[in-house]
Amino acid sequence: MRYVIIGNGVAGITAADTIRRIDPEGHIVFVAREAFPPYCRPMISNILAGSAELDELPIRPDDYYRSLGATAYLGVEATGLDLESREVSISAGANLAFDRLLIASGADPHRIEAENLDLENIFFMRTVKDVLGMVEALPKVKHALVLGGGLVGFKAAYGFLSRGIRVTMLIRSGFPLSMQIDQTAGEMIQAELERHGLEVRTGIEATGFEAGEDGAVRAARLSDGTSLECDAVVVGKGVFPARGYVPSAIETDAGILVDDSMQTNVAGVYAAGDVAQHVDVARRRPWVNAIWPVAVEMGRVAGHNMAGYPMRYPGSLSRNVIRIFDLDVMTAGMVSPRESEGLETAEGYDRRRHTYRKLLFREGVLVGFVLVNQIEQGGVLMNLVHQGASLNGLTAEALGPRFNVGQVMGRGRQAGTGYPAPAVGAPSTRHTANAAAAGSSAAVTTATE
Amino acid sequence: MKQVIVHPERCVGCMQCMTACATAHSTSKTLIGALLEEPRPAPRIHVGAGLEDEGFPNRCRHCDPAPCQLGCLPGAIYRAKGSNTVMVDYDLCINCASCAMACPYGVIRFAEDPKAPPGKTVAVKCDNCVERQAQGKVPACVETCFAGALTFEEPSEAMKRRTGEVAASISLDAAAHRVPLSASWDLQSEMKRRQKALDQR
């Protein structure tokens with residue numbers, strides 16, 4: 001069996017690892033634009049912030065491809081895909097025949113409509129190379145301009161601020177992270193960053209850039225006719241699936257459409273990660289969730305199916321966690337103002353603990369949440385959203401500081417959705433409750449369930 | 001392989017396991033010493049209050065495959081070979097909380113640790129007391145649990161015993177001479193429930 005995997009991001013390598021476990025003989029070929037060893041993309045912002053070193057980035061050993069028995073074309077782009085002859089053409093000039101193909105080419109940053117976007121020190125923050133360029137430019141940077149109030153914009157701003165560099169952020173919409181979180185949390189984050197020197201301007205965009213004598217960016221022209229001096233610019237306007245080489249015979253929407261086995265409409269051709277579009281379980285509709293944990297899940301499922309060991313993907317869930325200075329923010333599901341319209345909500349702000357929690361329900365089912373600080377129990381909520389589970393009237397508890405998984409299980413018993421409440425005089429049913437606590441059918445908490 | 005087994009029905013909520021756990025993960029290994037240490041060691045087991053304020057000992061299940069491991073960005077979470085224990089490499093951990101976002105049980109905390117690089121906040125979770133086990137001791141939480149809510153035994157043995165208990169509790173003559181599996185818990189929680197109900201009348 002010949003497997004070709006386009007992309008060496010976490011979706012691609014997770015799929016390859018999975019394939020290798022199932023099929024020790026098959027020939028695995030990687031085609032990847034990035035020559036750097038497989039690395040942790042979300043950590044590139046830590047490099048900018050100076051909180052991680054370059055050698056902390058790789059997530060596989062140096063001899064990864066060799067130990068996997070794989071061939072790797074690195075620094076090479078897939079340029080075309082012939083579905084008749086079942087070959088991938090690559091920029092290195094070869095054609096790679098496949099029996100199973102995985103398209104895991106990730107996503108590219110959105111470019112913006114602005115003059116002189118190609119000036120020196122105007123960056124996109126997507127690859128380790130991008131960030132190394134930024135780090136190299138740091139000594140000369142006094143004032144950085146960040147375009148976009150999304151996660152990338154915030155991580156870039158955080159990185160510059162951590163280096164003691166002044167940052168101005170331009171946001172087109174009303175508040176930061178408006179795609180990821182609700183207004184209250186967005187404003188808390190903005191306040192935290194402003195406390196550390198960030199300047200945020202909303203409802204304004206950059207329309208062009210001016211070069212200094214050295215050819216590097218010197219100023220940005222803004223949509224209100226003014227200009228702003230800056231010596232570094234980061235464009236953080238989101239990403240879109242990198243699928244320019246994919247022929248139209250493969251069905252796409254925003255991303256490449258895949259079924260529950262991660263297969264496209266063409267047999268033997270799969271897609272996973274940021275390039276793929278499956279279903280979001282909270283939104284209940286096709287959705288691209290271009291995030292790390294989803295790429296891992298999809299890579300695993302794709303790998304199983306490609307190697308002939310069928311496995312279904314139940315759908316992804318959008319989620320994120322960021323720590324910005326002294327603020328921790330975790331979100332999942334449908335929380336943006338646009339999406340949460342019409343949903344039932346419950347929220348609580350605890351001034352003393354400096355925490356904020358918001359829960360969103362659709363017909364009683366938890367479909368999203370925002371946690372600001374005290375995020376340790378977020379995984380419990382995340383899994384309830386992922387399961388499409390009801391909170392069983394535990395809303396007040398979930399908004400409180402003492403929320404824990406034992407309460408969820410206890411209410412399950414009380415509500416009769418599994419385990420009846422214990423009562424004196426009746427045979428104790430706590431042993432079954434114990435099974436619930438163990439999270440498996442076993443009446444014990446084992447290390448292997 | 002022996003494992004820590006949780007019997008929440010026996011937990012009285014005394015939180016001694018948390019103290020013992022933190023002490024076991026200190027440098028001095030004594031309670032007084034641990035209190036004086038900087039950073040102060042964090043417990044890996046967490047006794048939460050259930051809906052009726054009953055104790056709920058919550059510790060890592062060492063799931064396999066483990067959601068926290070799959071979600072870990074820098075690849076700091078790994079399964080120790082041969083011990084079924086999910087571990088955190090403090091050198092690699094970047095304190096991003098992706099593991100906490102993935103953990104369905106909410107058992108991961110973030111703290112400085114005597115074993116982590118100084119000043120670095122890392123993800124801390126149950127390590128099955130690998131250090132103590134290597135010395136032939138049982139995990140600290142088990143050693144200190146007087147209520148019998150935490151035991152260290154072969155899972156198959158515990159399952160067998162539990163199956164027997166369940167069978168006995170539903171057998172035909174059970175009604176005649178029934179002893180609840182957890183008399184103390186049943187009684188206490190019933191009293192709590194009634195007290196709440198009476199208070200609200």
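This is a predicted model: local features need pLDDT of at least 70, side-chain atom pairs count only at pLDDT 80 or more; totals for chains, interfaces and linings use all residues.
Where is the place of B:N128 in chain B? I found B:N128 in the loop between β7 (121-124) and α5 (130-134) of chain B. For these labels, helices (H or I, at least four residues) and strands (E, at least two) are DSSP runs, numbered from the N terminus.

Residues are numbered from 1 along each chain as its sequence is written, chains are lettered from A and ligands numbered from 1 in the order in which they are written, and side-chain values use heavy atoms, with hydrogens and water left out.

Positive phi. I looked up the backbone of B:N128 and read a positive phi of about 55°, although this residue is not a glycine. Most residues other than glycine have a negative phi. B:N128 is buried, with a relative accessible area of 8%. Over in chain A, A:H354 is not a glycine either, and its phi is positive, near 55°. A:H354 sits in the loop between β24 (344-350) and β25 (355-362). With 34% relative accessibility, A:H354 counts as partly exposed. My cut-offs: buried is under 20% relative accessible area, exposed is over 50%, and partly exposed is in between (1.4 Å probe, protein chains only).

Cis bonds. Which residue does a cis peptide bond join to B:E38? I found B:P39 there, with omega at about 0°. B:P39 belongs to the loop between α2 (31-36) and β2 (46-49) of chain B. I also noted a cis peptide bond from B:D64 to B:P65, omega about 0°. B:P65 is in the loop between β3 (55-58) and α3 (67-71) of chain B.
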